[in-house]
Amino acid sequence: MDYETLVAYLSTEEISAVIGAVVGLTFGIFAQQSRFCLRAACVEFWRGQTGKKFAIWLLAFGAAMLATQYLIGAGAIDTGQIRQLNNAGSMSGAIIGGLLFGGGMVLAGGCASRLLVLSATGNMRTMVAGLVVTIVAQASLTGGLSPLREEISSWWLVDGSSRSFAGWLPPYGGIMLGAAFLGIALWFAKRHEVSKWLSIAAMITGFSVALGWWLTSWQASNSFDIVQVQSVSFTGPSADTLMGLINQPYLSLSFNVGLVPGVFLGSLLAALVTREFKWQQFTQDSGFTRFFIGATLMGFGGMLAGGCAVGAGVTGGVILVITAWVALFSMWIGAGVMDWVVDRKADELKAAAEAARHATDNLPDFAKAPDMVRMN
């Protein structure tokens, strides 16, 4: 069915919502199945235990870049209509926002996309954290936090002509870069014995990002109305969807309005089919404070950085936006620092205490402290 036939049945907004839902369903199903998560990859990397989680993230990123760059080279994606490549961006926002987002996702237990995916599997902790991310993101966009976001963003601006580094690469350089990332990812996956299903699911997760770029570009090139060329992102779209539900009796349809429910539904379906759905609530051990702080940092940092770990880091990174790569690098740094400060030291102390207890338990009774010797 061509576009002219499609518009006879659906409006431009409805078509955008359907495209968003298709992309969201694809991402949700395979992100849930592959356990795709930047936080998990960062923790493995910074602890020197690079393994399956790092390989899965790299597979998704490499697949997204290779497919997107191939479609750009084939003329299926019009980069002239992509906002990130033609409008001014903030390098200071990318750096500071990326650091805040990276630290926040360690505290909250996952990046914005992972929180949405996990909430659909019955995890109430991530659902609450995701709502906090959304509310803070909206406050950062148009509310009380927006003056601070605008101030930080103004410190170091780059114009649209300087936001892409595609011109620095040789012909087909983007495709070669994507192939290199995917090749390295496949090597890591084989080395760490990532199953074929997880590898395929991770790559399809990445392909869904390219699918978003391709379908929205296809609609924009055929529609008489203005259509934004975009792909998977979560901080802004989640805020738009939630605020629309709160403030309007009828939700205006768009790509983002289809995307967020699509991801949730896709993850829910995958969890139900594989019997992985399980209600999980806050406990005394999990606590609430770190989830709240982490979600707050992610909400503000994501809007400051121009997107979340997927929206800026993957979706923006695969079209070779410099600020997106800077934001992604800053997220890795922020996650590493927060893990070292909050979690790694605590884990090391816990492991040392456990080892000491185990050693003490294995001592003969006469070697233990008097109060540890059992009296007959």
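**Labels and their cut-offs**

Modeller: Start with helix H13, residues 255-273. Its 19 residues reach 26 Å from the first C-alpha to the last, close to the 27 Å expected at 1.5 Å a residue. The expected span is 1.5 Å times one less than the number of residues. Helices are DSSP runs of H or I with at least four residues, numbered from the N terminus. This is a predicted model; local features need pLDDT of at least 70, side-chain atom pairs count only at pLDDT 80 or more, and totals for chains, interfaces and linings use all residues. Residues are numbered from 1 along each chain as its sequence is written, and side-chain values use heavy atoms, with hydrogens and water left out.

Biologist: Why is asparagine 256 called buried?

Modeller: Buried means under 20% relative accessible area, exposed over 50%, and partly exposed in between, with a 1.4 Å probe and protein chains only. Asparagine 256 has 14%, so it is buried. This residue is found in helix H13. Other buried residues of H13 include Phe255, Val257 and Gly258.

Biologist: What do the buried residues of H13 pack against?

Modeller: Helices H2 (12-34), H7 (112-119), H11 (196-222) and H12 (235-247). Contact means heavy atoms within 4.5 Å. Asparagine 256 touches Gln230, Pro237, Asp240, Thr241 and Pro261, leaving aside residues up to four places away in sequence.

Biologist: Why is the pair of phenylalanine 45 and phenylalanine 54 called stacked?

Modeller: The ring centres of phenylalanine 45 and phenylalanine 54 are 5.9 Å apart and the planes lie at 25 degrees, so the pair is stacked. Phenylalanine 54 is buried at 10%, whereas phenylalanine 45 is partly exposed at 37%. Ring pairs link these residues into a cluster with others, including Trp57, Phe61 and Trp332.

Biologist: How do you know that aspartate 339 and arginine 47 form a salt bridge?

Modeller: A salt bridge is a side-chain nitrogen of Lys or Arg within 4 Å of a carboxyl oxygen of Asp or Glu. The closest N and O atoms of aspartate 339 and arginine 47 are 2.8 Å apart. That meets the rule. Side chains of opposite charge can pair when their charged atoms come close. By this rule the count comes to four salt bridges.

Biologist: Where do aspartate 339 and arginine 47 lie?

Modeller: Aspartate 339 is in helix H16 (residues 322-361). Arginine 47 is in the loop between helix H3 (38-46) and helix H4 (52-73). The two are 292 residues apart. At 1%, aspartate 339 counts as buried; at 26%, arginine 47 is partly exposed.

Biologist: What makes glutamate 150 and arginine 149 a salt bridge?

Modeller: Their N to O distance is 3.8 Å, and that is within the cut-off. Glutamate 150 is partly exposed at 46%, while arginine 149 is buried at 15%.

Biologist: Why is alanine 189 called buried?

Modeller: Alanine 189 has 4% relative accessibility, so it counts as buried. This alanine lies in helix H10 (residues 173-191). Alanine 189 touches Ala55, Leu59, Val194 and Ser199, again not counting residues up to four places away in sequence.

Notes
Phe/Tyr/Trp six-rings, centres within 6.5 Å; stacked < 30°, edge-to-face > 60°.
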